[in-house]
Amino acid sequence: MKRNTYDLPRLLAELDPHADLAHRHLWLIHVIDWVRAARPSTEAAVERVRLLLDALEADPDAAARLQLWWQHCINTVDITTLLADFGFAPRTAFFSEVTERLRYKLLPHTPETIDASELFVLALHDDFDVRWLQALDEPLLLRLSALLQPEGSAGAGFWQHALLGAITYCAGQILSTGFAPELRLRMSEEIRDAQPFHALIHDVESLRVEVVHGLRTPDRLEQAEARLRERLDACRAAVGSVYAHFASEGISVGLVFRLRQLRTRIVRVRQLLDCLLSERPQLEAARLLAGFVSVGRDRHSLRALYDANSSLLAAKITERSAETGDHYITRTPREYLGMVRRAAGGGLVMSLTTLIKLLLHALALSAFWGGFIAGINYALSFVLIQLLHFTVATKQPAMTAPAMAAKLKDLEASNAVEDFVDEVANLTRSQVAAILGNVLVVAPAALGLSLLYLHLWGKTPLDAIHAVQTLDSLSLLGPSLLFAAFTGVLLYASSILGGWAENWFVLRRMDSAIRYNPSITQLLGSQRAQRWSDFLRQNISGFTSNISLGFMLGLTPAIAGFFGLGLEVRHVTLSSGQIGVATASLGLEVLHLPAFWWAVAMLPFNGALNVLVSFSLAFRTALRAHNVTGKERSRIYAAIRHRLRTRPLSFFTP
């Protein structure tokens, strides 16, 4: 339903200072709607404001009604919530803020409110509002101020007292957050000894005395202002020392959220000081309100909340993954052959995994329990491969992508992009070696194990009918390409979980707890506790990613089937093993079956999609964590294309 169209005479006629609260606020909303209707021309919007002021100045009765309306407004609406609280979370927890923003999005607002923040969101909520508010010139703002509060009228000092109250309130919030133990204990020892937060309220009160009760002599007022600004700088430095702690001791979204709130509060106090002490307060007020429009739009955005508070966590997770992923990139012929050997070992273990998986399928368990048992089988196999220092090719890309992105920290260096392209070539060769090592071993090994099973028990793990069904399910002609790409998403998700788990392990100092906790050392002994601490610190990421991937591969089909999605997983190493088992069941006749060749034809696409999807997702996350811009990405992609044209073999041979 379209909102009624308002014109200037109608707006002046409906200006009623004696109306109820909701209708007084609706009048303000209608005025701003009328100004905003001039979009996209900023000049036209400013001209509408000028026309409004001309009409009010020409009509003494309307001007008197406006002044009375303004007095009712400032007497009933709490402006402090706008100046001090707008844009900040009512609680200091990240997930509570997520819930609050969902409420803002889903539930309508009412103009019947004494909260200036709610009224501001209803009235000024468009990007165009930022532009026309900033375009208001000082003479126009002075005219508006004179209309609302003539010299000598009641409430002439309203703006000054409101700003001082907001500064005091913000200072209290800064003090409360700065004294929180989870932040205070993460500050540097030097910062804690300096006690930057302790005198903040005193400095604010000193400023208040000089503004309200002092003689406003330039020296005393400037000294009070300088002390407060220095105190705010010290508080900001204290916040910065917590970020330095995150670099070595782990990070959490909740702590980042509280720190960002604290830093923004400090910035808000500076903005309020600028308005309070400016020689052009009306102009500063317009700029402040224009900034609040952008703040209000971000305040309701879940994406803005996620982007602002997860970038550091993404950086830390990718950094943890980069430490592991760098080991999977080969740079010399010796490392290349070592990768082939490790991949061959992984293929051997996965051949046994494939056989067990098909045998478990014969138990005809329900979908969930069948997937759960399959997940245990996969998870145990991946962990065994990790402990034996073997490798699974498709596990690598999501781990190597952060290591690759870490090379982009200094793109300004002359050879940075070329060095990165060298790493891309190294990674591609490593992936080729790993996939070949897996696939060329897992298929014949699975075939051999199936023949051994036939020799021992007189039958193959799969009968002929199920063997043909297995080959048909792996065919290039079916939906296997989609399933292979989806499996790449699972591979990426498992790497993120692995990085998160290691970050959590470090953040909670679990390695130190295992090493020194009296109950644990009494149970294990000091030396064994130290070994367990070192072992878990080195392997917690791998254990988490491997176990989570195993259960995702096993349970995803069952969960998807519950919702009728028919989604499957296509892991290239497992698919190769299944082809080997099916071949043992069908014998040499399999070579005459089109289904066999279509399944074999799917393998290179399967491997490529597993690798490309997981790598690209992880790489994008790492680029975001390192703040690599779109322009810099274009340079990188152009350099890779140039290398492909000039030296294509460098991507395949060491």
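A pocket, on a 1 Å grid over the protein atoms alone, is an open set of points where a 1.4 Å probe fits, with protein on both sides within 12 Å along at least five of seven lines, and its lining residues have an atom within 4 Å of a point. The model shown here is predicted, so local features need pLDDT of at least 70 and side-chain atom pairs count only at pLDDT 80 or more, while totals for chains, interfaces and linings use all residues. Residues are numbered from 1 along each chain as its sequence is written, and side-chain values use heavy atoms, leaving out hydrogens and water.

**View A. A look into the second largest pocket.**
The second largest pocket holds about 820 Å³ of space, a volume being the space filled by probe spheres set on grid points that are joined across faces, edges and corners. Its lining counts 31 residues, and Lys357, His361, Pro557, Glu568 and Gln578 are the closest to its centre. Two or more lining residues come from each of helix H18 (333-361), H19, helix H22 (464-473), helix H26 (526-562) and helix H27 (572-586); helices here are DSSP runs (H or I, at least four residues), numbered from the N terminus. H19 is the top contributor, giving six residues. Sorted by class, the lining has 15 nonpolar, 13 polar and three charged residues (Ala, Val, Leu, Ile, Met, Phe, Trp, Tyr, Cys and Pro are nonpolar, Asp, Glu, Lys and Arg charged, and the others, Gly among them, polar).

**View B. A nonpolar patch on the surface.**
Stay with H19 for a moment: the helix spans residues 367-387 and includes Phe368. Together with Leu363, Leu365 and Trp369, Phe368 forms a nonpolar surface patch with about 440 Å² of accessible area. Such a patch joins nonpolar side chains (Val, Leu, Ile, Met, Phe, Trp, Tyr) within 5 Å, from residues with over 30% relative accessible area and no salt bridge. Areas come from the Shrake-Rupley method with a 1.4 Å probe, and for residues only the protein chains shown count as cover. Phe368 is partly exposed because its relative accessibility is 42% (buried is under 20%, exposed over 50%, partly exposed in between).

**View C. Phe88 in its loop.**
Here you can find Phe88 in the loop between helix H5 (80-85) and helix H6 (94-106). Its relative accessibility is 4%, so Phe88 counts as buried. Gln261 is 173 residues away along the chain, yet the C-alpha atoms of Phe88 and Gln261 are separated by 6.7 Å.

**View D. Asp126 and Arg39, loop to loop.**
Asp126 and Arg39 form a salt bridge, with 2.9 Å between the closest N and O atoms (a side-chain nitrogen of Lys or Arg within 4 Å of a carboxyl oxygen of Asp or Glu). The partners are 87 residues apart: Asp126 sits between helix H7 (116-123) and helix H8 (127-135), and Arg39 between helix H2 (21-36) and helix H3 (42-58). Asp126 is buried at 17% relative accessible area, whereas Arg39 is partly exposed at 42%.

**View E. Arg643 and Glu418, helix to helix.**
In this salt bridge, N and O are 2.7 Å apart. Arg643 belongs to helix H29 (residues 630-646) and Glu418 to helix H21 (residues 416-457), 225 residues apart. Arg643 is buried at 4% relative accessibility, while Glu418, at 42%, is partly exposed.

Notes
Patch = residues over 30% accessible without salt bridge, like charges linked within 9 Å, V, L, I, M, F, W, Y side chains within 5 Å. Buried < 20%, exposed > 50% of the residue type's maximum accessible area, 1.4 Å probe, protein only.
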